[in-house]
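Q: Can you walk me through the aromatic contacts in this one?

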Amino acid sequence: MPDALICAPREIFDSTAFDAVLSQAHKMSQTEARAAIVAHLKATQRAGRAQIADSFRAAPFQSRPTTKAYTYLTDCLVDAALRTAQDLMFPNPTPTTGERLAVLAVGGYGRGEMAPFSDVDLLFLTPHKITPWAESVIEATLYILWDLKLKVGHSSRTVRDCLRLGAEDFTIRTAMLEHRFLFGDIALAKKLDTRLRADLFKGTEQDFIEAKLAERDARHERQGQRYVVEPNVKEGKGGLRDLQSLFWIGKYIHKVQDAADLVPLGLFTPEEFTDFVAAEDFLWATRCHLHLLTNRATEQLTFDMQVAVAEAMGYEDKAGRRGVELFMQAYFLHATQVGDLTRIFLTKLEAVHLKAEPLLERLFKRKPRVKSGYEVIHNRLAVKDEAAFLSDKLNLLCIFEEALRTGMLIHPDAMRLIKSNLDLIDDDLRTTPEARRIFLDLLLKHGNPERALRRMNELGVLSAFIPEFEPIVAMMQFNMYHAYTVDEHTIQCIAQLAMIEKEELVEDLPVVSNILKRGVNRRVLYVALLLHDIGKGRAEDHSILGAQMVRKIAPRLGLKQEDVDTVEWLVRYHLLMSDMAQKRDIADPRTVRDFAKAVQTVKRLELLCVLTVCDIRGVGPNTWNNWKAVLIRALYRQTKRALEDGMEALNRDNRGVEAKKALRAELVDWPRKDIQTETARHYDPYWQGLHVTAHVVFAELLRNIGENEIAIDLHPDEDRDATRACFVMPDHPGIFARLTGALALVGANVVDARSYTTKDGFVTDAFWIQDADGNPFEASRLPRLRKMIERTLAGEVVTREAIKDRDKVKKREKAFKVPTHITFDNEGSDIYTIIEVDTRDRPGLLHDLTRTLAASNVYIANAVIATYGEQVVDTFYVKDMFGLKYYSEAKQKTLEKRLRTAITEGVERAEV
């Protein structure tokens with residue numbers, strides 16, 4: 001009888017019923033008999049699978065009995081197919097010695113671990129060259145299994161074949177390592193087992209370890225070294241394959257049959273084995289749910305599947321966090337645990353099986369000198385005397401300092417020691433001046449704070465020293481913007497800061513590199529970055545909550561009150577510069593004036609600028625781009641000028657005079673009269689809102705334009721990672737909306753837009769557009785864009801109809817919930833009302849919003865678009881038809897209602 005299954009064996013496969021069908025089949029023709037057996041097995045398989053799935057759904061964490069149940073069902077089906085082939089189709093009552101046959105399960109099936117749609121890997125073992133009878137039996141067995149829609153991987157080999165192929169290929173060798181006898185000649189199976197051990201495995205342990213480690217490294221390279229937000233449960237870092245690799249190595253070297261056998265061998269402590277089992281159970285449960293929900297062998301936890309699996313496992317929304325975020329936090333904690341176990345296990349093996357270095361290398365290679373109490377084992381920092389080490393709890397921090405000082409990795413035995421004594425890090429230690437010094441030195445002194453923080457975080461030391469950090473460990477933010485968990489994002493931010501300090505990013509980040517070169521309060525900056533997201537995961541605004549938490553944490557780290565106040569301010573307003581640069585028109589002097597008033601000093605501005613750049617770059621590998629760089633730099637330079645020279649430096653009139661002067665300098669070959677016409681035809685906002693390069697383009701377009709002509713200039717702006725599209729045409733209502741529609745139809749994403757009217761009745765609109773990957777729109781696609789704009793403006797294409805096929809939300813992105821927020825701001829600009837629409841992004845959204853505003857007789861002066869994964873913030877600077885702001889609450893409510901209707905209808909169309 002099999003081990004504990006998720007439901008009774010008889011409910012999975014009724015052997016008595018099959019025996020009856022097989023007995024009855026002997027009375028039929030072979031064709032009828034086979035058809036009857038296959039029909040019975042299909043029905044049995046369907047019922048068995050349904051029973052397992054139902055039982056698992058009722059106990060969603062019981063993965064071990066579930067994987068055993070699927071293995072048991074597969075064993076029964078393989079047995080039934082083999083018996084049909086042997087007894088019914090090709091009976092052989094007196095086989096010769098050459099006609100013996102053993103059927104073995106190999107790979108995951110051999111291990112007895114099967115997910116709902118795992119492959120069935122079979123080895124048909126024969127003593128000599130395969131006989132016609134054996135070939136017929138094997139073929140008949142396989143055809144029955146294929147009729148049952150099982151994904152069968154199979155091979156027919158002799159023992160000698162197995163040894164030869166196993167010697168050549170480590171994948172084959174690994175599969176045979178996990179062979180399990182199913183049916184047939186057991187003596188033949190035992191012979192294989194003996195020969196594998198004696199002739200193949202013995203003496204090749206080191207080669208096997210190295211092959212498995214190389215495989216692991218290649219796998220992590222493919223899947224991503226860090227814990228990614230859409231992990232592969234099977235192949236990803238900290239996934240099932242990593243756990244299986246440990247077991248394979250243990251079995252290859254020590255002949256263990258169960259992971260529990262690794263404990264007496266000293267490779268795992270009982271606590272580590274408990275972690276191993278918990279991680280394995282959780283990952284298998286996740287994988288089984290993933291297979292059942294997709295009805296196929298799916299291994300990647302895409303965003304849409306994360307929601308479905310979290311629901312299947314019973315995770316619910318709690319205290320400001322979605323159930324899916326709680327599920328993914330549990331997933332990443334287990335994955336991290338797998339990483340820790342792997343490290344410990346492999347170093348233990350290394351101690352026994354490490355190849356000796358050549359004598360010459362040993363003679364000339366100097367061992368690093370380490371402080372008293374430490375020693376170097378296999379080039380890793382180890383603890384000499386555990387009792388002496390634990391007698392001073394400061395050592396739990398000192399070891400990380402010594403590791404950074406020497407540049408060595410910490411020995412896993414030392415890691416074990418730290419991890420099992422975290423209770424020594426108490427309030428007393430946290431407030432000890434020496435502990436504070438060590439911790440701040442790890443951030444500030446050794447030039448590699450990322451390494452120290454990551455190791456401290458993985459071992460639980462960071463959360464023990466700053467208990468407020470623990471809730472954000474492995475915390476996933478369920479959106480497409482953040483590529484990392486909150487703790488990993490924090491460490492990535494600090495890594496960015498360290499690189500800027502070491503002048504590794506001067507070319508990419510000249511402004512912040514220069515700020516750091518001139519000198520800032522590094523202690524304040526590093527502590528603010530470490531704590532900037534400490535308030536995440538609660539219902540309250542994380543910036544406000546984080547700032548409140550700083551008041552307790554920063555003094556505990558030994559910061560003086562003035563520095564505590566600055567860190568608190570930086571955490572409270574760490575999103576301010578990013579929001580101002582990306583969601584507001586920084587060409588509007590009021591934006592800069594308001595930002596300057598909030599920042600108050602150049603010192604704060606410089607700290608906030610560096611923190612903002614590190615925060616954005618720490619979100620993900622492709623989040624920072626030239627567009628954001630240009631915005632942040634411009635806001636920094638204008639604000640610095642305002643703070644140093646006074647707010648009058650931002651005067652609109654000054655800007656207009658300077659802009660006209662710059663244009664005259666560019667148009668030196670123009671007749672004086674033409675220049676006068678050009679500088680006189682535009683209103684003030686035009687001169688303040690555009691760079692001189694755009695003024696030159698518009699001047700050229702306007703100079704020769706006909707009465708009903710549309711003039712277009714498309715220019716890739718590499719400095720901004722965007723293409724600038726300039727349009728000039730006679731002004732009439734709704735042009736801005738039509739342009740956004742045409743751009744959407746050709747797949748262009750608008751990141752910024754300006755709309756101005758001339759005194760002689762033309763509209764001058766400038767759009768900055770990107771392709772779907774956030775790059776400048778390709779020059780080769782520009783002719784199609786020009787043609788689409790012309791057709792749209794001519795009325796040949798109705799955008800609302802033409803965009804339906806393009807305006808869709810991808811399946812994997814449907815799981816994201818983005819609530820819609822619409823705000824009206826009459827204080828942020830002297831001239832315009834600012835309407836900010838924060839909602840779910842999709843290709844046709846901007847067109848829907850601008851069309852709705854145009855239908856309500858709203859004049860759009862400019863639009864600023866900031867995208868954060870699936871979320872977008874579209875900001876419009878608007879006036880009413882009389883050139884006034886929207887002060888009336890009734891008018892605001894009417895507009896908001898119309899915009900919400902447009903968004904809702906658009907979403908319904910997009911999700912069909």
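What follows is a short chat about ring pairs and charges over rings.

A: This is a predicted model, where local features need pLDDT of at least 70, side-chain atom pairs count only at pLDDT 80 or more, and totals for chains, interfaces and linings use all residues. Residues are numbered from 1 along each chain as its sequence is written, and side-chain values use heavy atoms, with hydrogens and water left out.

Q: How many aromatic pairs does the count come to?
A: 27 aromatic pairs. Rings of Phe, Tyr and Trp (its six-membered ring) pair if their centres lie within 6.5 Å; planes under 30 degrees apart are stacked, over 60 edge-to-face, and the rest tilted.

Q: Why is the pair F439 and F465 tilted?
A: Because the planes are at 35°, with the centres 5.0 Å apart.

Q: Where do F439 and F465 sit in the chain?
A: F439 is in helix α20 and F465 in helix α22, 26 residues apart. Helices here are DSSP runs of H or I, at least four residues; strands are runs of E, at least two, and both are numbered from the N terminus.

Q: Is F439 buried or exposed?
A: Buried, at 1% relative accessible area; F465 is buried too, at 2%. Buried means under 20%, exposed over 50%, partly exposed in between (1.4 Å probe, protein chains only).

Q: What about Y481 and Y868?
A: Their centres are 5.3 Å apart and the planes are at 85°, so that pair is edge-to-face. Y481 lies in the loop between α22 and α23, and Y868 in strand β14, 387 residues apart.

Q: New topic: which ring does the charged end of R49 sit over?
A: The ring of F117, 4.6 Å from its centre. The rule is NZ of Lys or CZ of Arg within 6 Å of the ring centre and within 35 degrees of the ring normal.
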